[in-house]
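Take a look at this protein as a whole, and then at one of its sheets. The sequence and the model come next.

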Amino acid sequence: MKKKLAVLFVIVIGCLAVLVGRLVFIDVKSGDRYEKIVLSNQEYSSTTIPFRRGDITDRKGTVLATSTDVYNVILDCTVINYKEDYLEPTLAALEECFDETELRIVKDSDGNKTQLTFEKIRSYITENPDSTYYVIAEDLSYEEVEAFEAMQEENSLIKGIWFEKEYVREYPYGSLASALIGYTASGNVGVGGIEDSYDDVLNGTDGRQYGYLNSDSNYEVAVKDAVNGETVVSTIDANLQSIVEEKIKEFYDTLTDNAAEGGGAEHIAVMMMDPDTGEVLAMANYPNYDYTILEDEETISSLSQYYSEDELGDMSDTEVMNLANLSLFNSIETIEGMDDSAQTKAVEALKQNFCITYTYEPGSTAKPFTVACGLDTGTITEDMTFYCDGYEQISGHTIHCVNRSGHGMETVSETLENSCNDALMQMSYLIGASNFAKYQQLFNFGLKTNIDLPGESRTSSLIYTEENLSTINLATNAFGQNFNVTMIQLASAYCSLVNGGNYYLPHVALEIQDENGNTVESIEPTLLKRTVSEETSATIIQYLANVVEQGTGSTAKVDGYSMCGKTGTAEKYVLDEDGNATSVRADGEYVVSFIGSVPAEDPEIVIYAVIDAPNVEDQAHSSYAQNVVREILEEALPYLNIYPDQELTGINADKNIIGETDDTDGTDADEITQTEDADGTDTDEADNGTADETGEAGAEDTQDETGSEEETQTQDENGE
């Protein structure tokens, strides 16, 4: 008997040994796999921890765009229904801590929008006992949910309510620099402006919190923290931006419903740059789009005069926002007369950044570049003179100067002071097509500047190449007609004219910071090329100083400051029914402009103003742009600690934002030209307009630096 027991004992021990050995083998070889299988069958929860999108600030740290934490109130019916004792205390706490007006707007069974109420919440809990996620309120501040959290801690019967943290994008200064900053769409997707071009920098990575029951039925939590986005410090100065936006709005409002019913101009835009770095200090256009307009109670309230509460209630927030923005610049009757496509185009036009997306003929602001080309190539010398008799006869066409009777004999400097088309055409013969085309490219005309903003237009199809620069094309191009630019192109090129010949990459980002304010990356000025010699630059500076001191740019002068500058006036084109430019000039419609720099020697700031079709009877006066520039600089120069370097004379003291109403200041109606056929009949330009020999200027094939093709629609005058 004992022997049998001993044998049985040995067998049992042997089996146990084999079993233990097998378990060890399985644990070593396949332990991880079986652990995952076990965990997959256990209850667990997973909660996303959202990242915080980085801020956008101005160069001095003023926050222009930020993300604020908000909370959604979430209802879990399974928890509330777990015990009967939970329902009433929880509903009572909700009613005590939240107002019904804070509850979410929902759709009823008929699809109509309706306000959620506490009674409807009670019904939902009863009718949907298995629901674990139902949003009853959205975008509440922590202060608004804090009281409920305190009650939850004090009363263990308050169950089934939790708070989901999110971030919403806010713009503390409303519409300030809206086209430059851009906005964010759902999912933290940047659209337009810095929000778009630095989307990857501003965005972070979501974290996650995992909770699960382990093998001992203990609840364990694992947390992977979110990585917040980084801050983009822009080159913009918020104070300068405010000054610019205030002045262009004042101009627009002053001329609204002036010569015709409608706004003060189709567009008005201003840029300010540091010529020695390529940094953009201010960039604004008007009309513009206000992404914070839903917070403007006055504007939203005004809509109720035309739309019922139900009609507004049926609109999405985006639809109301678009309608409110359109109503700032159009009558409700005009808006109602637009079809959906027209309304969409009108809204998108408000969102555009005029300074980089619109193209137009520069007019006489291009003349300094022609003179610089001649001086730099030696085809023109400072001691040359040119006789203006009021016109040039080219290929059977008579192209007039602004002074039909002629300016007489002029020095090179005087040709710019008088903005003489005749003399510039004579210069073009000496410069030649090869030199002119070469310097057009050196100044980056026809090419993207590659500013760090999305949507920049490329005018390659709206500029002549050496091969198609005929004599008449070269002549008209020399004084700024028949080719197109963007504001950022011309401003960047002008910076190189007055800084010694250095062409810097224009940019709107100064540095990248982490969430603690530590600098991650400094964005240094990038010198791309030299456009002209230092000697040529110094000569051009003197010529442009004369333009302001004693020429057509005197209206822009700020008393007590030396200043360079050049005026521009360009006749627009008639648009076809699709809004594209034709080759026919629009009688009486002009783009007027002024570009300048202060002080004259070693300038610290460049400013460029463009006004598209000012609402006046006689648009052909660059003085409108000059007045805007002067009014801006009168406030900006003291702020920038740029001190007067000349004696005060009282010049322009009597002028306001639109200048003298009778336009007797002697400023130029300067660059307006007509051509005349051999038989003496006045016609529009002898050429087909802008673009190339075929006159095509509507669709532009553009190509980015990587070589990928993109298609953009451009327009000779308004760039749409």
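Predicted model: local features only at pLDDT ≥ 70, side-chain atom pairs only at ≥ 80, totals over all residues.

Residues are numbered from 1 along each chain as its sequence is written, and side-chain values use heavy atoms, with hydrogens and water left out.

The protein holds 22 helices and 29 strands. Helices (H or I, at least four residues) and strands (E, at least two) are DSSP runs, numbered from the N terminus. Of the 720 residues, 51% are buried (under 20% relative accessible area, 1.4 Å probe, protein chains only). The accessible surface is about 32700 Å², and carbon and sulfur atoms account for 47% of it; the areas come from the Shrake-Rupley method with a 1.4 Å probe. Take the contacts (heavy atoms within 4.5 Å) between residues at least 6 apart in sequence: 73% of them join residues at least 24 apart.

Now the sheet. Five strands make an open, antiparallel sheet, ordered β14-β13-β25-β24-β23. At its edges are β14 (280-286) and β23 (564-575), each pairing on one side only. Neighbouring strands are turned by 15° against each other on average, direction ignored. Strands pair if DSSP finds at least two bridges between them. β23 and β24 (residues 581-598) pair antiparallel over 10 bridges. Tyr-573 stands opposite Arg-585 in β24.

Which strands does helix α20 lie across? Helix α20 (residues 487-498) lies across β13 (265-273), β23, β24 and β25 (605-614). Its angle to β13 is about 35°, taken between N-to-C directions on a 0 to 180 degrees scale, with axes fitted to C-alpha atoms, for helices over the stretch in contact.

Technical notes:
Buried < 20%, exposed > 50% of the residue type's maximum accessible area, 1.4 Å probe, protein only.
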